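The exercises below are meant to be worked through with the sequence and the model open. Try each task before reading its solution.

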Amino acid sequence: MEQDETSEGERARGRAAADPSEWVDLHGDHLYRYALLRLRDAALAEDVVQETLLAALQSRRDFEGRSAERTWLTGILKHKLVDHFRRASRQVCASPDEGEEFGHDELFRREGEWRGHFAPDRAPVEWLATPAELLEQGEFWETFRRCLSPLPARLASAFTLREMEGMASEEICEVLGINVNNLWVMLHRARMHLRRCLELNWFAGVGARR
Amino acid sequence: MTERGLEDRAAHALRYFFLRRLPTCRQTVELISQSLERPLTLRERVATRIHLWVCIWCVRYLEQLQLMRDTLGARSKQVSDDASPDGDSLSAQARERMKRALGQHSR
C-alpha cells in the first residue's frame, strides 16, 4: 500500500496533465504540503493552492514545457506565497515592540551580580537529536507547528522566509517592508521562542541533560 | 589575612573583571542570532568567543540554533522531494472545489 502510493507519487512528479483539472490529483497534494510547511493554517494553504492553479490556467500558453509541469506550478506557488507574506505584513504597522514577549526575558536573572545571565533552572539543556532523526518523526513537526502558531504574523513570516526559503535579508526586508535592524530583532525573538518552546515540549521529554 | 581569603578575593576580582567587560548571556544570545545573519565585528567576535569559552549554556544555545537551521533546511528539501513520512493531503472538499473552479475558468 505504502509502496504503491510512493510509486504513484513518483509517476505524478514527472507527468503532465492533458486537462488542467487533472492538476488537482497529480500535483495538488504536493503543492498543498509545500504551502502548509510555510503557512500556519490548513485552510489558508488550500486557498493559496487554488489561487496557484487558477493563475497557472491563465498563463498556461506561456508554459512551453521547458521544465516539468510540477516545477512550473511550484514556481507559481512560490510567488503566491511571497504575495501572501507581503499582504499579511502590510495589515499591521511594524513596531519595535512587536512580539517583545517572545524574547523570553524570564530565562535571565533579573537582579544581582549575574543579572542578564541565564537563570540556572531555565538555561538551555542539552538536546540529543540530529536533523536526520527529527525528519523521521511526524510528531516533532506537529510540535513545531504548535510552537510557531502563537508568533505574530510578521515574526513568523520573517523566520519562515529566512530558515525555510533561505531568502536573503534584503529580500525579506523588501517583502515585509521593514529595515534590516527590525529583521534581526524579529529573527532573534522568533528563535528565542521556538528554541524555548521546542525545549519544553519536545526535547525535555526525549532525554535532555542539564 | 589567610591564604584562603586571598584566593577567594583573587577569584572574586577575576570574576568581576569578566563580568564588567563581557556581554551577558542575554546580549550574547542576541549576538549569536545575528552571527547567522551578518559577520560580527572583531570586538563582538572576541567578546562572544570568550563568553562561549566560560558558558556552556550559550554554547548549547548556539548549537541549538544551528540544529534548528539545519533541520528546517532539510525539512524544506524533504517536502519538496515528496520524501516526508507524514504526508498531509488536500481534503476531498478542497479537491472538488479546485476541480470545479478550474473547470469553470477553462471554459
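In chain A, 69% of the contacts with a separation of 6 or more are between residues 24 or more positions apart; two residues are in contact if their C-beta atoms, placed from the backbone, lie within 7 Å. The model is predicted, so local features need pLDDT of at least 70 and side-chain atom pairs count only at pLDDT 80 or more, while totals for chains, interfaces and linings use all residues. Residues are numbered from 1 along each chain as its sequence is written, and chains are lettered from A and ligands numbered from 1 in the order in which they are written.

**Exercise 1. State which elements and domains make up chain A.**

Step 1. Chain A has 9 helices and 0 strands. Helices (H or I, at least four residues) and strands (E, at least two) are DSSP runs, numbered from the N terminus.

Step 2. An automatic or database domain assignment supplies the domain bounds: domain 1 of chain A covers 2-90 and domain 2 covers 100-203.

Step 3. Between the two domains, 9 residues of domain 1 of chain A are in contact with 13 residues of domain 2. On the domain 1 side, α2 (22-38) and α4 (69-90) of chain A each give two or more residues, and α4(A) gives the most, with 6 residues.

**Exercise 2. Describe the side of chain A that touches chain B.**

Step 1. Count the residues: 44 of chain A are in contact with 45 of chain B.

Step 2. Find the elements. Those of chain A that give two or more residues to this side include α1 (2-14), α3 (42-58) and α9 (180-203). The largest share, 10 residues, comes from α2(A).

Step 3. Sort the residues of this side: 23 are nonpolar, 11 polar and 10 charged. Here Ala, Val, Leu, Ile, Met, Phe, Trp, Tyr, Cys and Pro count as nonpolar, Asp, Glu, Lys and Arg as charged, and the others, Gly among them, as polar.

**Exercise 3. Find the residues that touch the most other members of the largest nonpolar core.**

Step 1. A nonpolar core is a set of buried Ala, Val, Leu, Ile, Met, Phe, Trp, Tyr and Cys residues joined through C-beta atoms within 7 Å. A residue is buried if 20 or more other C-beta atoms lie within 10 Å of its own, exposed if 12 or fewer, and partly exposed in between, with C-beta atoms placed from the backbone.

Step 2. The largest core has 62 residues, and Ala35(A), Leu155(A), Ala158(A) and Ala190(A) touch the most other members. α9(A) gives the most to this core, with 11 residues, and at least three residues come from each of domain 1 and domain 2 of chain A.

Step 3. Leaving out residues up to four places away in sequence, Ala158(A) touches Ile172(A), Leu176(A), Leu183(A), Met186(A), Leu187(A) and Ala190(A).

**Exercise 4. Work out where the buried residues of α2(B) lie on the helix.**

Step 1. List them: in α2 (residues 25-35) of chain B they are Cys25(B), Thr28(B), Val29(B), Ile32(B) and Ser33(B).

Step 2. Seen down the axis, these residues fall within an arc of 140°, so they line one face of the helix. The arc is that of the directions from the helix axis to the C-beta atoms.

Step 3. Their cover includes α9 of chain A, together with α3 (42-54) and α4 (56-80) of chain B.

**Exercise 5. Is Arg9(B) buried or exposed?**

Step 1. Arg9(B) sits in helix α1 (residues 3-21) of chain B.

Step 2. Arg9(B) counts as exposed because it has 11 C-beta neighbours inside 10 Å.
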